[in-house]
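Q: Could you show me how to read a few features of a protein model? I would like to start with the charged side chains.

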Amino acid sequence: MTPHADLQNRVASYEAGRSVPYGLPSEPQSSYVTMRDGCRIAVDVWLPNGAPEGARFPALLLFTPYFRRFKLRPGSDAVASPNTGKFSDYFVPRGYAVVVIDVRGSGASFGTRDGFRSPAERLDSAEIADWVIAQRWSNGVLGATGISYLGAASDFLASTGHPAVKAIAPLFSVWDTYADNYFPGGMQCTSLTQIYDNLMKGLDLDQRSYLKDYKYYAHPDYQGPKPVDADQDGSLLAAAVAEHQGNFRQTDFMADFGYREEGLPYDPGYSSASISPYSYAEGVREDVAILSVSGWMDGAGYANGAIARFLTLDKNPRHLVLGPWDHGARIDVSPWRAAEEPGFSVLGCVLRFFDTYLMDAETGMQDEPPVAYYALHEEAWSDAESWPPAPGALSLYPGASGGLGRAVSEGSAQYQSLPDTRTGFETRYERIAGMDSRNYYCDWQGRTRAMLSWDSAPLEHDIRIAGHALLDLAASFDAPDAALFIYLTEVEADGTERYITEGVLRAIFRDEAPAPDTIRINWPFRTFRRDSVTPLPQGETQHIRIPFLPTAWTVSKGSRLRLSLAGADADHFKKVPHGRMPLISVDLGQTRLDLPLAAKPGSA
């Protein structure tokens, strides 16, 4: 491998040269493992086929609420493990044992789910780790990985401090469940909770009629969770599913978390912190290697989660990869993509990581910069020593005539918030709820007409935005609360409008605070706690800094950059305030857009 090759080529080169010495068995070994409280957890064990007698392997653990396996109709060719199958299919022939676990209250496991990423699951993960390293096929070395919920479960396992855990690869997963997922900017993402709740009814409660709306689980041959090997008549499975009937409901559960770290009304010790990896970060040993992966259209803030994990666990061997992907990298999200399916091998990237830290292989990974990111529109990978990638800065100022330039403009601009402002259903928010999104913001054209917008002059040269853009907004309001949605758009020379990124903030949470050691970030931090709430004083100018979600995007010479402000996204977020929407008066002389700029490779 050449040191100057980009990450995609380095991964492809490594993957092509990596041996695949084993086969994949047709079925895993499946059994129950009993937890401290007697709850029986269903576990599948996939072992390399054709290995010598007595061979021992490092094990990768995947903790899922989405079924370790479905029971299939006889003769079906459906994929029995749509959530985790690609991991076992890929890693087992390459010399890893893969252990897939139905978390308590799901699949064939017993118990009741008391919440989303319950603390009980975190304790279970350490006991499962004990069981795994006691097996005759284990060499005593553990890793954990998975996408989304499973990625956060990897964090949870590492945070137990279990000595066998040497590396984790949380993929497309949160660091702070409140701010990265369900309440970005303190605004409740209501569309997500309802869609996700229907999915979990279909899975947890085995109400299969709900699954028809979710492509990954809609196959007509799926017949509920697969019983473990010893449960020949399915009686244990039936008893387990009966216990799931008491599981939490997502729409009700998340509504109780309106303030970050405030306990549930019936359990003061159970808060959004209880279901977030950051609150357990101090338990992660400094020798655990960490690979954080996310994409530019990864939900409401999963890229923030990957970056925050990378910045927080700065004493660990760590790597950060940010690509042109949606949630789970099912789609290349770039409007200029060569193909719908990503050309980058995320599994190959994870293999190289685990080979480095679990098999002590010489992969070259430890000698490379720890950050790799992909610039959209430029369609290029770059390396960096940190995040953001040592950016320069460009400040632009909105003008009274609708321009966006380098000179400060005096005056004001008014915008009446409209409750029916919409962003459509081809957005970053659908995939995280299980929808089968294939194109992103393909209907963005004209949507900013319902917003207050400012356009720059045509750019004289390309600029690469890389990091978190920031709007320093000075505005007054005629209501005590407001929802603030901000957008960046590239308007190409022919008038084509391309959504770049957005920011969200509920105005009552505008006061900033120092970030805690467990959430180290380089954009404005809000506690989102009840005691931080400050109603807007009507008619008084407020200075509010709103970060955009991170991106790397090269705006082309001749294009214009558009800044837009709105007061609602009716397709995805709760209406704020409940009654009359506010009139927003922007003080142009004190409002500024800061863009983080990075040099293109090879530029002066």
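A: A salt bridge is a side-chain nitrogen of Lys or Arg within 4 Å of a carboxyl oxygen of Asp or Glu. Here, the side chains of D287 and R285 meet in one, at 3.0 Å from N to O. This is a predicted model, where local features need pLDDT of at least 70, side-chain atom pairs count only at pLDDT 80 or more, and totals for chains, interfaces and linings use all residues. Residues are numbered from 1 along each chain as its sequence is written, and side-chain values use heavy atoms, leaving out hydrogens and water.

Q: How many salt bridges does the structure hold?
A: It holds 42. Among them, D594 meets R592 at 2.8 Å, N to O.

Q: Is D594 buried or exposed?
A: Buried means under 20% relative accessible area, exposed over 50%, and partly exposed in between (1.4 Å probe, protein chains only). D594 has 16%, so D594 is buried.

Q: Where do nonpolar side chains go?
A: In soluble globular proteins, they tend to be buried together.

Q: How many residues of α10 are buried?
A: Helices are DSSP runs (H or I, at least four residues), numbered from the N terminus. In α10, 13 of 13 residues are buried.

Technical notes. Helices (H or I, at least four residues) and strands (E, at least two) are DSSP runs, numbered from the N terminus.
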